[in-house]
Amino acid sequence: MNHPSPEEMMEHLYGENSANPAHRQSVDAHLQQCAECRTRAQGWQQTQASLNAWRLPGASGHRPAGSGRIVALAARVVRPALRWAAAAALLISAGYVAGRTAAPSPAALSALVERQVSHAMNRERAALASNLRATARQTATQEARQLLGAVAQQLDARRQADSEALYATLQEFVEHQTVALSQLRQDLSTVAVVADARLVDTQEQILELANVRPEAIH
Amino acid sequence: MSARLFQWPALFSSPDEQAMWRVKMDDDPEAFAELVQRWQKPIQNLCTRMVGDSHRGEDLTQETFARLFAKRKSYEARSKLSTFLWRIALNICYDELRRLRRRGETPLEAAASGGDDDLPTIDIEADGPGPHDDLVGQERAAAVRDALQRIGEPYRAVLVLRHYEGLKFREIADVLEIPEGTVKSRMAEGLSQLQKILHPVVRESATPRRAPLRESLIV
């Protein structure tokens with residue numbers, strides 16, 4: 001035999017060529033004769049053994065064929081299958097007996113099939129209509145939501161614009177009032193100054209009049 | 001009624017596929033819990049071995065089942081649930097490893113044992129009972145875990161699925177959607193890479209002690 005390929009060696013090391021005993025034996029025989037392949041296989045086997053050093057808590061490690069887990073799985077698969085097979089056999093027998101005792105005429109059979117098909121079509125049609133109604137309702141709801149959203153956005157925009165306009169007007173009014181107040185303050189100052197000057201003049205005139213002698217008047 | 005009729009393929013399948021079918025059709029929480037209970041441990045082992053960190057492995061397991069539930073509608077009754085589930089878990093592990101590489105992170109447990117560039121030099125072939133068996137065992141396990149993290153992800157995935165989870169090469173080929181021959185060649189390459197990483201230790205310790213391997217080679 002030629003040197004086995006790495007793929008064949010992997011099959012051999014993991015026992016996956018056991019379905020072909022002749023091939024397996026030929027690989028075994030080659031490994032006993034060929035030192036090169038034997039060394040290579042030994043290296044891989046050592047590495048395999050090293051890998052087993054890393055165990056995880058609760059890990060089951062290898063799952064050998066025929067383990068309890070696989071047996072339990074197989075039992076669980078087979079049991080329902082057997083039940084179904086028994087049920088199917090019972091149904092077939094009942095159908096056969098019923099058919100033999102009350103075999104309908106071709107016309108009756110045709111009418112029966114027609115009724116069933118019609119019934120099935122009606123059901124499908126009803127289901128389709130229901131689906132269409134549901135889709136239409138959903139679409140309408142979505143459109144209504146979109147419209148409401150657009151209206152709400154417009155209202156918000158308008159409210160914002162109104163607020164801005166009102167704010168600008170108030171600002172203008174305040175500025176105007178500020179200017180008017182300033183003007184008024186200036187006017188009042190002017191009036192006070194003028195009044196003060198007149199008062200001083202009047203006081204001086206009164207003093208002058210008080211100092212004039214009566215003889216001087218006559 | 002018509003929906004129920006479509007369930008008939010699942011009635012003849014294994015409990016896993018039946019449960020998954022119930023999850024897909026009826027969102028059955030009990031069936032999903034059954035699947036989680038049955039598959040949690042194998043998936044957690046796979047994730048832990050792929051990322052080299054048991055805590056991260058637990059997180060990835062939860063993510064795997066979350067994604068399984070999210071993808072329940074795309075599950076087809078013709079395919080095996082195990083294949084579907086292994087594939088989801090592996091993709092999540094690949095995503096996580098990519099994320100870790102991008103961030104330049106190292107898994108916690110690998111970091112604790114020295115990281116990628118500082119592999120422990122442990123005599124993993126030493127055998128026989130001794131006073132420090134537990135410690136030595138832990139160190140051997142850490143050496144293997146770190147060595148696995150150093151080989152490429154495609155090789156690691158095949159090694160973990162075949163060696164630790166016991167899948168057949170044919171099943172691994174289905175999970176990874178590659179030819180069976182490629183799986184076997186990746187397995188051989190992965191074992192060779194691991195051998196190179198662990199080789200100095202193996203050779204030093206194995207040579208004087210080991211019995212001739214000719215007999216033990218017959219599997």
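**View 1. Aromatic pairs in the model.** Over all chains, the structure holds 5 aromatic pairs. Rings of Phe, Tyr and Trp (its six-membered ring) count as a pair if their centres lie within 6.5 Å; planes under 30 degrees apart are called stacked, over 60 edge-to-face, and the rest tilted. This is a predicted model, in which local features need pLDDT of at least 70 and side-chain atom pairs count only at pLDDT 80 or more, while totals for chains, interfaces and linings use all residues. Residues are numbered from 1 along each chain as its sequence is written, chains are lettered from A and ligands numbered from 1 in the order in which they are written, and side-chain values use heavy atoms, leaving out hydrogens and water.

**View 2. W54(A) meets Y164(B).** These two rings form an edge-to-face pair, 6.4 Å centre to centre with 80° between the planes. W54(A) lies in the loop between α3 (35-51) and α4 (68-101) of chain A, and Y164(B) in helix α9 (residues 153-164) of chain B, so the pair joins two chains. Helices here are DSSP runs (H or I, at least four residues), numbered from the N terminus, and strands are runs of E (at least two). Are W54(A) and Y164(B) buried or exposed? Both are buried, meaning under 20% relative accessible area, with exposed over 50% and partly exposed in between (1.4 Å probe, protein chains only).

**View 3. R49(B) over two rings.** Look for the charged end of R49(B): it sits over the ring of Y164(B), 3.6 Å from its centre. The charged end of R49(B) also sits over the ring of W54(A), 5.2 Å from that centre. A charge sits over a ring if NZ of Lys or CZ of Arg is within 6 Å of the ring centre and within 35 degrees of the ring normal.

**View 4. Helices α4(B) and α6(B).** The axes of these helices come within 10 Å and cross at roughly 35°. Axes are lines fitted to C-alpha atoms, for helices over the stretch in contact, and angles run from 0 to 180 degrees between N-to-C directions. Residues making the contact (heavy atoms within 4.5 Å) include W39(B), I43(B) and L46(B) of α4(B), and L85(B), W86(B) and A89(B) of α6(B).

**View 5. Chain B as a whole.** How many helices and strands does chain B have? There are 11 helices and 0 strands. Of the 219 residues in chain B, 49% are buried.
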